[in-house]
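My plan is to look up one feature at a time and write down what I find.

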Amino acid sequence: MKNFFVSTAIPYVNSKPHIGFALEAIQADVIARYRRFAGDSVFYLSGTDENSLKNVLSAKEAGMSVSDFVTKNAEVFKSLKAALNLSWDDFIRTTEERHVFGAQKLWEACKDDIYEKEYKGLYCVGCEEFKTSKDIINGECPEHPNKKLEEVQEKNYFFKLSKYQDKLEKIISSDELKIVPERRKNEILNFIKNGLEDFSVSRSRERAGEWGIPVPSDESQIMYVWFDALSNYINTLGYPDLGGNFEKFWNNGETLHVIGKGINRFHTVYWPAMLLSAGLPLPKKVFVHGYITVDGQKISKSLGNVVDPFELVRKYGTDALRYYLLREISSYEDGDFSIEKFETRYNADLANGIGNLVARVSALGEKLGKINLDSEKLSAIENQTNLERYDIWIENFEFDKYLTGVWEDISKVDGKINLDKPWAISDESDLRDKIIDYSISIAVITKLLKPFLPEAVKKIEKCFIWSEGSLSLKKTEAIFPRL
Ligand SMILES: [Zn+2]
């Protein structure tokens with residue numbers, strides 16, 4: 001048994017959750033469930049980033065106090081748990097006492113690497129980051145072409161990132177901190193090799209809109225939102241207390257951050273540098289997923305193509321959304337969402353695929369009543385070979401390949417049934433053998449699908465009742481009704 005920690009990034013709460021964050025939360029959830037089934041002790045964390053300037057600006061727009069605004073929106077993010085059937089163990093808001101306390105303690109632990117400097121630079125509120133000439137294309141932040149870069153000149157605290165250049169390069173190239181996929185690792189290695197510059201870790205109270213976590217021992221300064229936000233991962237585990245969950249999961253566990261490609265640098269350069277500075281262990285792995293486009297276009301409020309995950313769940317069900325996002329969106333690349341593709345996949349793979357297979361076998365088997373089984377048949381489910389590939393796919397976060405593999409197995413059983421024509425078999429013992437055969441295949445498929453489609457699997461398990469030495473089948477209502 002291993003200790004395993006997995007986290008999503010913590011999104012800003014300046015707008016409602018979109019489908020890109022739904023993807024991330026579901027990816028982390030599948031990993032968490034998979035590890036729990038494997039017998040590991042799992043801690044799955046999600047949360048919200050509430051101290052950013054973006055939230056201050058959006059609150060003003062909404063005519064609300066920042067505090068009311070972030071609380072209201074954080075509740076929406078929390079309700080993703082029920083909507084997407086997420087199994088997170090904790091949800092941290094960065095306005096919570098435990099977070100504020102931990103962030104300030106981490107600052108103090110990094111104090112030897114923090115110094116004061118007068119600074120002038122261009123700031124992107126979208127990224128919550130100062131941009132250097134390398135980052136700016138045509139005078140704009142490439143991630144936020146609609147937002148004007150803000151010219152800032154003030155006294156800030158800086159973190160000595162440059163000091164960790166060689167160390168970080170070594171840690172990442174040796175996979176001591178493993179970045180998946182490989183091209184994201186190379187991207188970061190290039191970034192490091194180009195030279196790391198110290199970065200600003202505070203801002204004036206005024207520029208922060210009087211919102212955020214004060215720098216310990218300097219009330220005129222507010223912590224840079226990323227410096228505070230990144231510490232959420234350990235604050236949840238009880239930091240600065242180094243015992244308990246911190247000891248169990250951060251010190252002695254496998255630790256994994258699931259993030260989007262836009263914030264790779266923060267998690268694989270800034271965050272490990274801060275931990276090194278504080279003398280704390282580093283995360284073991286960072287998985288970087290791509291972005292979702294909608295009908296081939298970048299998701300943006302101004303384009304009006306923001307897809308609401310809650311609406312999709314209401315219309316098609318939680319498992320259908322979980323399936324689409326992990327099957328259709330390639331784990332390592334950007335992927336596209338469209339209602340048309342969604343409905344095509346739904347009908348082909350869910351209604352006609354797994355749904356139909358379960359319906360036809362359970363209907364054929366129900367009339368056989370209780371089927372007695374010898375132990376050899378029963379052990380066939382546990383001793384399936386050729387399942388290692390699924391472990392490897394999960395290990396590499398290749399959810400799309402995993403599900404493609406399961407659906408190949410589903411078509412194999414379908415093909416067998418079409419060949420056998422069990423509906424035309426009159427000999428009952430012949431039919432019984434066939435039904436046992438199909439049921440074993442379905443049991444293996446069900447087990448593989450459990451982390452992905454938890455509700456559908458529960459329904460399937462109600463149709464195939466395995467007990468000591470016997471199997472009974474029960475006809476089912478459509479698990480995925482055709483659209
Ligand atoms: Zn930006």
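**Entry 1: the metal site**

What geometry does the site of the zinc ion have, given its 4 donor atoms? I looked up the angles among the donors and found 101 to 120°, so the site is tetrahedral. I applied this rule: four donors count as tetrahedral if all angles lie between 85 and 135 degrees. For comparison, ideal angles for four tetrahedral donors are 109.5 degrees.

Before going on, I noted that this is a predicted model, where local features need pLDDT of at least 70, side-chain atom pairs count only at pLDDT 80 or more, and totals for chains, interfaces and linings use all residues. Residues are numbered from 1 along each chain as its sequence is written, and side-chain values use heavy atoms, with hydrogens and water left out.

Next I listed the protein donors: Cys124 (SG), Cys127 (SG), Cys141 (SG) and His144 (ND1). They lie 2.2 to 2.3 Å from the zinc ion. A donor here is an N, O or S atom within 2.8 Å of the metal (3.2 Å for Na, K and Ca); water is not among the atoms, so sites may look incomplete. Along the chain, the donors follow the spacing C-x2-C-x13-C-x2-H. Cys124 sits in strand E4 (residues 114-124), while His144 sits in the loop between strand E5 (129-131) and strand E6 (150-159), so this pair ties together parts 20 residues apart in sequence. Strands (E, at least two residues) and helices (H or I, at least four) are DSSP runs, numbered from the N terminus. I also checked burial: both Cys124 and His144 are buried. Buried means under 20% relative accessible area, exposed over 50%, and partly exposed in between (1.4 Å probe, protein chains only).

**Entry 2: the sheet with E4**

I followed E4 into its sheet. Four strands form an open sheet in the order E5-E4-E6-E8, and the pairing is antiparallel. E5 and E8 stand at the edges with a single partner strand each, so one side of each has no neighbour in the sheet. Two strands pair if DSSP finds at least two bridges between them. E4 and E6 are joined by 10 bridges. In one of these, Lys117 has Asn156 of E6 as its bridge partner. E6 and strand E8 (residues 199-200) run antiparallel and are joined by 2 bridges. There I found Phe159 with Phe199 of E8 as its partner.

**Entry 3: a second sheet**

I found another open sheet, with 3 strands in the order E15-E14-E16 and mixed pairing. Its edge strands are E15 (297-298) and E16 (335-337), each pairing on one side only. Strand E14 (residues 292-294) runs antiparallel to E15, with 2 bridges between them. Thr293 stands opposite Lys298 in E15.

**Entry 4: salt bridges**

How many salt bridges does the structure hold? I noted 39. Each is a side-chain nitrogen of Lys or Arg within 4 Å of a carboxyl oxygen of Asp or Glu.

I picked out Glu129 and Arg265, whose side chains meet at 3.8 Å, N to O. Glu129 lies in strand E5 and Arg265 in helix H11 (residues 264-278), so the pair ties together parts 136 residues apart in sequence. Glu129 is buried, at 5% relative accessible area. Arg265 is partly exposed, at 23%.

Then I moved to helix H14 (residues 339-366). Arg345 and Asp349 form a salt bridge at 2.7 Å, N to O. They are 4 residues apart in H14, which means about one helical turn separates them. Asp349 is buried, at 11%.

Asp414 and Arg360 form another salt bridge, with the closest N and O atoms 3.0 Å apart. Asp414 is in helix H17 (residues 399-420) and Arg360 in helix H14, so this pair links parts 54 residues apart in sequence. Asp414 is buried at 14%, whereas Arg360 is partly exposed at 21%.

I also noted a network of salt bridges that links Lys2, Arg35, Asp40 and Glu254.

**Entry 5: a pocket**

Which helix gives the most to the lining of the second largest pocket? H18 does, with 3 residues. Helices H1 (19-37), H16 (388-395) and H18 (428-449) each supply at least two lining residues.

Technical notes: Four donors count as tetrahedral if all angles lie between 85 and 135 degrees; four count as square planar and six as octahedral if opposite donors are over 155 degrees apart and all others between 65 and 115; anything else is irregular.
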